[in-house]
Structure formats: C-alpha cells, structure tokens
Amino acid sequence: MAQQRDEDNFRSQVEDRLDHLFQEDAPDGAEEQVGLVEHPLKNLKAVLLSIDWEITDSTMDSLLNEIKNVEYVYSEDKILLTFLQLLGSIGRYVKANKGRAHPEATRVINSVYEALEKVALTEGMSRPEKEKMLLEEVAKFKKLKEQVVLRKAEKKEPEVVEVSPAPPAPSPEPSPERERIPATGIPAREEPEPEPRAEARFAAPHEAFAYALEEIKDVIRAEFRALRAEIKLWRESK
Amino acid sequence: MAIINLKKKEVQAKIVYYGPGRGGKTTNLEYIYKKFRSRIQTEMVTIKTHGDRTLFFDFLPIEIGKIKGYDIRIQLYTVPGQVKYESTRRLVLRGVDGIVFVADSLAVRRKENVLSLKSLADNLASYKKSILEIPLVFQYNKRDLLEEGIPLLPVEWLEKDLNSKLQVPSFEASALKGPNVVQTMKKIIILTIDSLRKDLT
C-alpha cells in the first residue's frame, strides 16, 4: 500500500513538473490558412508532399501528370502557367536524376509551389505583386540550373540536364518546347536509392560505427562539392 | 540505458524520436525548442544536409529538475529517416530508454510507416531490447493536412497497421503547428521515468 502511494506520488511529481515546464500559452490563432479542399491545386500539393529524397518513378510521374492537369485548368493565366512550367522543368530533372539530383532541387520545387499557392489563393493580389513573386522563383530556378551545370562539370558524370528556357518575365509566355540534353550525350542511369550497406546489418557495434562514419563521409563529400560549386558561382558573379 | 548516478543523485534518460523520412521527427524537436527555449535553457544541436535533411541526429537536452531528490535530465534525439542511414539509426538507438514513433499520416506513406516500425523492432533487438517492453508512444503526425483536403490515412488504419499488437498510447498531432507535440513528449517522459523508477528506490 505504502509503495503504491509512493509510486503515485512520484508520478504526480513528474507530471506536475512537466506541466509547469511545458505549459502552453493560449493558441495563437493568428495564422489563418486558406483551405484547398476543392481547389485545383489540392492534388498537386498532395503529390508534392509525398515526394521525398526516396524518389520513385511513380511519385515523379504522378507529379508531372498533376502539373499537366493544373496547367490545363490555368491555361489562360500566364503567370500561374509559368509557375507550373518551372515545377515541371525541375520535376523532370529530378525524375531523370533521382538520388543524384542536386539537393537544392527539392528546396526550389517547394519554394516554387509555395509561391504558386500564394499567388493562386490570395484574393486581391495585384498583377505586379504576382510578377514579382514569379521573378523571384525564376531567379531561383536559374541559379539551380547554374548549380546543376557546375556540379556536372565538377563530377564529370553523366547527368541529364533539363534545359528549359527560363520563362521571360515580367510578362512570361509559356514555353512548351523543352530541350532535353544529356550533359555528356549519355542518358542518365536509373539509379535506385542506395540500400543500407548489407554488411552493416549484421556488423558488430564497432563495425556499425565504422559504416555509419562512411555514410557520413559520403554525405560530407557531397556537401563540400555543392559548397564549392556555390562559392565558384559567387566568385563569378562578383 | 539511462545513466543513474546514485551518489550524485542524477538520472539521465535517452528518448529517441524514430520514424520514416520526412515524417516530422526534427519538426517535433524544433517546435519544442522554439516554444520553450526560455524555459528549458539548453541548446538544440542539429546537423542537416544541404537538402535540409537530418544527417546524423538532432539532440535536445532538457533539465526536468529535482524529483525525489534526483536531478532528472532528459535527452531527446531524432534519427535520420532516410532509408540509407540504417547503421546511423542503429547507433543513435544505443542506450535508448524511451521511443516516440512519429508516423507519417499521408496516405502515400503507409508502407514506409510499417517498414520503419519493423526496422525499429529489428534495431532494438540488436541491442537485446524488445519493442514490446520499451516505453513507446505513437504520434500520428501531419493531421492538420486533413483540413486542406490532402488524403491522409484514417487513424483507425494507423492504429491497425502499427499499434494493434503493441497497444501503447498514441496521439494525433501536427508537429508543424503544435497540437499534441508537447503531450506526446510529456507522455513518453512519464513512461520512461516510470520505467526507471524502480532503480531509484
């Protein structure tokens, strides 16, 4: 009985302490999200959210199909259409290169989508405002293209570069014709997501640590390559 | 395994947020850190790749304070969710005392949730720990997306897929917006400290 009381007392002390430490303020309620329940962008957002670095042909095909569907809906709106063309361009590049795609690509794709959603859903946004947002995304797209080309040159590996002319702004025209140029004339290989090293599965702890270190080294090398490319870009722009 | 120093009356427990890639493990810790930074008075350590993904782990230490004369410290970790970092995940799990499994509610991520839970069970087994015995809480994340019409897995399916055998506490949450992030953390801390309590008496 005494032990039970002691246990209850201990637990309630922990709970009180946690309640005190993590007492939440009243919800802000300030951020009001515009719903997408019946919006043409709903499915596109769902597909985009499902894309991970574990990229598969089926998720990328869904994305590209969905972009086409929304392009059809917005065929009369040149600004939204240009946003969608940017998304399509990066989507095809990621699909072709998968795990070897530039890490910045997913960030740009998300950024372009966020801008697209804002432009499509914000009531009363003026045309100059929309064009300004589009220009910002076009600039990011161009930068990504430069980074991809630089990285390809550094790695000297075959990588498919999706060259789609950056949409002209501020009154961009749709650019249906896209040029798909394998960087070295060789189509990109279909490279599956690397599996965990098989030997690591059954390794002793010290061996597992060594494998983990190797994984980290691989990623750090890739990071340095990307950084070098960015520094080079920065120097050239000065 | 928790570090319990009976002489100094200190207890340090390790809680790991586990789950599939892009499920919201890091976002959970970031929410806690941003919201309660002034109160927890520690720094969050996070190592991300160029593409904003967790490279090794995130780490957030929290000082709970004195309970029954013991200084209680909790260390929250996340593992990298990407498939290729299996050995890193296993390393982060070493010495774990409690686990939050952050499941991704997106309908398209059903298989990834199940595979990730299986990898958790396997990795725990490599340390001779059972998923059936370790303090564990499920968090079904990204529930806020339902309002936006994004197809999500019904909670009943998530429960059936992941929790039918384990029967542990579960929370519907949004790591991005906050609902049930703190409740999930409180629950796992209580379960974990409870499981360590017998060593303190």
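The structure is a predicted model, in which local features need pLDDT of at least 70, side-chain atom pairs count only at pLDDT 80 or more, and totals for chains, interfaces and linings use all residues. Residues are numbered from 1 along each chain as its sequence is written, while chains are lettered from A and ligands numbered from 1 in the order in which they are written. For the complex, the predictor gives an ipTM of 0.81 and a pTM of 0.60. Chain B has a mean pLDDT of 88, with 93% of its residues at 70 or more; pLDDT is the predictor's confidence in each residue, from 0 to 100.

Chain A holds eight helices and two strands, where helices (H or I, at least four residues) and strands (E, at least two) are DSSP runs numbered from the N terminus. Their order from the N terminus is α-α-α-α-α-α-β-β-α-α. Of its 238 residues, 30% are buried, a term that requires 20 or more other C-beta atoms within 10 Å of a residue's own, with C-beta atoms placed from the backbone. Among contacts in chain A with a separation of 6 or more, 67% link residues 24 or more positions apart; a contact needs C-beta atoms, placed from the backbone, within 7 Å.

Within chain A, the axes of helix H2 (residues 42-50) and helix H3 (residues 57-73) come within 9 Å and cross at roughly 160°. These axes are lines fitted to C-alpha atoms over the stretch in contact, and angles run from 0 to 180 degrees between N-to-C directions. H2(A) is therefore roughly antiparallel to H3(A), the word used for angles over 145 degrees. H2(A) contributes Asn43(A), Leu44(A), Val47(A), Leu48(A) and Ser50(A) to the contact, and H3(A) contributes Thr59(A), Ser62(A), Leu63(A), Glu66(A), Ile67(A) and Val70(A).

Turning to chain B, its five helices and eight strands follow the order β-β-α-β-β-β-α-β-α-β-α-β-α from the N terminus. Buried residues account for 48% of the 201 residues in chain B. Of the contacts in chain B between residues at least 6 apart in sequence, 71% join residues at least 24 apart. Pro80(B) sits in the loop between strand S5 (70-78) and helix H2 (86-92) of chain B. Pro80(B) counts as buried because it has 27 C-beta neighbours inside 10 Å. Pro80(B) and Tyr18(B), 62 residues apart in sequence, are 8.3 Å apart in space, C-alpha to C-alpha.

Note on methods
Buried ≥ 20, exposed ≤ 12 C-beta atoms within 10 Å, placed from the backbone. Contact = placed C-beta atoms within 7 Å. Parallel < 35°, antiparallel > 145°, perpendicular 65-115°, else oblique.
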